[in-house]
Amino acid sequence: MTDRRRINGPPGGTRPPVFASSIKPTTVAAERPQRQRQPNELRKIFLKTGLIPSASGSSYLEFEPSASLSAARASPQSVIPPSSSLKLACTVHGPKPLARSATFSPNLVLTTHVKYAPFAARQRKGHIRDASERDLGVHLETALRGAIVAERWPKSGLDITITVLEAEDDRWWADAPDSHDAAWGMMNVLAGCITAASAAIADARIDCLDLVAGGVAAVVADETAERGVSAPRLMLDTDPADHRSTLSACVVAYMPARDEITELWLKGDISKASVGIDDKNLTHEALIDGAVDAARGAHSVLAEAVRESAERFAGLSSGKST
Amino acid sequence: MASSAAVSTAPPALSLPPSQFARLQPHAYLLAHLSPPASSQQPSIRANGRAPSQFRVTSTNTGSLTHTNGSSVVRLGDTTAVCGIKAEILHTEDIASWSVSHSSSSSTPNKRRKLTNPTEKPGEDRQDGSDEVEDDDSYIEDFSLLVPNLSLSTGCAPGFIPGAPPSALAQSLSHRVLSLLHSSRLVRSEDLEIWYQRPNLGPEELERHNEDEQMDVDVEQDGSGSVGETREIKAFWVLYIDIMIISLAGNPFDAAWTAVLAALRDTKLPRAWWHADNETVICSDLVSEARRLSLRGLPVASSFRVFEADAASGWRAVIVPDAEEERKIAESDRKGIQRRWVLADPDGYEEGLAQERVCLVIDKDQRQNGKVVIVKMEKNGGFAVDRKELKELVAVSAQRWEEINKILGQC
């Protein structure tokens, strides 16, 4: 059935373009992006609050483009981007009275919406939120619920809306989906959502126990020149497009001051991968610790953004009184 | 500020800071700014500090989104629109009415369709008439090759519930963008066509040509006229134009349209050809072979609202003022008491106070010494703007065209 509230494309449907190089993948194998960072080196994060004045709180988050992407931007050769970098905008509306029809709640009622823009991913996304976007919303809600002091706003609601303008890839675009494949890009998106939402909540002056930062770590295997796929290694803040295969990934929402994890999401199986590998550190625990380390890194950016927001607020209120 | 001066005369217990006065008495607040007391020697200025015909600071940035063929971010004051264009391919075999319209069109005196008619000579140059007005763009509308959608459910302003179906405002804005794209004929149909020249070669030549016989969409091969008459459209590019209003503080249409304009100017389509063996369209991934759209002109939208001193104007039935009223207004005009203000590029606060709206879409014809062309004119909600005011607004919009032209030229 067509959506009568939107402008629909041709009724027969359209097909995404097929590129000549993806028919003959041998010609592009050399162009596979490689991770240029150290295993524990994080991408730079751009985080700014208060860009959307009509909202009570807002933030905009952007990941630093990978080396391959910035090289492709500087001297474009192919119209197919090698990888992508996360860009998202987050708004917070509230606290506001709950709808009349809502049941009584002694706490602040948190609602989260995560929506990809139709142009956010390699394949066009629909206008209606799909199951994965709803799932992201639920993950985000659990990550934030533990941090907000909800008793301070009885009978109130808080709406958090995230628009993902550009998402991360799940794998390198020319790779065929394999058995290890999953929506790895989603985990990076979730980590970004958590950090951005936390900044926006602080920008809306909602009382929180601590700033929640998101972090990702993954066990990845890369292609090496001499013997095919290398031994799996633990890396922080992975871009799935950079690696031959991702075996397992973990995203945490972490509050550094209290050393608490409010949300943990681990995907993939590393038990098989670690068999026959002398590295005894490749356990789930190490993976979670890695994600926490990544979250600590994001936290420093988050704290700086919140400080800027507080300074702006202080400037505004002192300006008002004069 | 005018209002704080007015308030300070009240007893101290009742004095309010300007921001609260603005919320409690929005109409009086704006009116006090626009008609300051003659004794104060202050100019008439809007509550946001702009002159009535002044637009907000506009900035654009293009090409920052990775997965799009063209993208733009436009900030119009506090209103932000992000536009991303993704191109997909529509095969003619997927168009239900293609074969029908295809065969029936042979009798129409239409150059483009004649080309596809096997009885005609196909060798005539498609490029020669490309700038002529009678160019055929009916494909764009008939097969909906441009698909603009505007989304307000991004938390851009309180009141738009995220996750809900598009509001009436979002639907109307999407539709206005679509109808303006069609009526301004901004995008050329020929930019979206993917042609196929069936090779008329011997079997041994065919083999050699398998690699490079693929016909470019707009490059005419030498002597193609003599080769054969089988040149046909195999597919179209469909441009999905999605506009996300990230922040809404009034005047979403101007922001959205400027974003569409900037994104279309940024759009690059890869070279595409029909691959006869695979029976599909293949694109080249080389940037050097991709080409930009050649747009027709630069239609720039500017919106206005009319603010009336009469606070009840919003409730009043919209009727043409009688002679008596007309005379009163003319008299007050003579005395220098202005009763109506046309506000350019209204922000959210002003939109709530002014009912009558005017939207002008202006282009300047570069071939005729920058002659102003009115692409669209829309006026509703009141009777304050008449012929004389509209003429003035066209002049203001023409200035705005220069501004936008400069801003878009920079990115």
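Trainee: Let me start with a helix: which are the buried residues of α7(B)?

Mentor: Keep in mind as we go that this is a predicted model. The buried residues of α7(B) are Ala170(B), Leu173(B), Ser174(B), Arg176(B), Val177(B), Leu180(B), Leu181(B) and Ser184(B).

Trainee: And why do they end up on the same side of α7(B)?

Mentor: They cover an arc of only 160° around the axis, and therefore they sit on the same side of α7(B). As background, an α-helix has 3.6 residues a turn, so residues three or four places apart point the same way.

Trainee: What covers those buried residues?

Mentor: The cover includes β4, α11 (252-266), β13 (356-365) and β14 (371-380), which belong to chain B.

Trainee: How far does α7(B) reach from its first C-alpha to its last?

Mentor: With its 17 residues, α7(B) reaches 24 Å, close to the 24 Å expected at 1.5 Å a residue. Arg185(B) follows α7(B), and the phi of Arg185(B) is positive, near 50°.

Trainee: Switching to the core, which residues have the most contacts inside the largest nonpolar one?

Mentor: That core has 176 residues, and those with the most contacts inside it are Cys193(A), Ala197(A), Ala256(B), Ala259(B) and Val260(B). The largest share of this core, 14 residues, is given by helix α4 (residues 184-203) of chain A.

Trainee: Now the two chains: how many residues of chain B are in contact with chain A?

Mentor: On the chain B side there are 53 residues, in contact with 48 residues of chain A. The elements of chain B that give two or more residues to this side are β3 (79-91), β4 (146-151), α7 (168-184), β6 (231-247) and β9 (280-283), and the largest share, eight residues, comes from β3(B).

Trainee: How do the residues on that side of chain B divide into nonpolar, polar and charged?

Mentor: On the side of chain B that touches chain A, 31 are nonpolar, 16 are polar and six are charged.

Trainee: Which strand of chain A pairs with β9(B)?

Mentor: Strand β1 (residues 18-19) of chain A pairs with β9(B) in the parallel sense over two bridges, and there Val18(A) has Ile282(B) as its bridge partner. On the other pairing of β9(B), four bridges join β8(B) to β9(B) in the antiparallel sense, with His275(B) opposite Thr280(B).

Trainee: Last one: is strand β3 of chain A mostly covered or exposed?

Mentor: Strand β3 (residues 57-63) of chain A is mostly covered, since seven of its seven residues are buried. Gly57(A), Ser59(A), Leu61(A) and Phe63(A) point one way, while Ser58(A), Tyr60(A) and Glu62(A) point the other way.

Trainee: Which strands pair with β3(A)?

Mentor: Strand β2 (residues 45-49) of chain A is joined to β3(A) by five bridges and runs antiparallel to β3(A), with Ile45(A) opposite Phe63(A). Strand β4 (residues 87-97) of chain A also pairs with β3(A) in the antiparallel sense, over six bridges, and here Tyr60(A) stands opposite Ala89(A).

Notes. Residues are numbered from 1 along each chain as its sequence is written. Chains are lettered from A and ligands numbered from 1 in the order in which they are written. This is a predicted model: local features need pLDDT of at least 70, side-chain atom pairs count only at pLDDT 80 or more; totals for chains, interfaces and linings use all residues. A residue is buried if 20 or more other C-beta atoms lie within 10 Å of its own, exposed if 12 or fewer, and partly exposed in between; C-beta atoms are placed from the backbone. Two strands pair if DSSP finds at least two bridges between them. Two residues are in contact if their C-beta atoms, placed from the backbone, lie within 7 Å. Ala, Val, Leu, Ile, Met, Phe, Trp, Tyr, Cys and Pro count as nonpolar, Asp, Glu, Lys and Arg as charged, and the others, Gly among them, as polar. The expected span of a helix is 1.5 Å times one less than its number of residues. The arc is that of the directions from the helix axis to the C-beta atoms. A nonpolar core is a set of buried Ala, Val, Leu, Ile, Met, Phe, Trp, Tyr and Cys residues joined through C-beta atoms within 7 Å.
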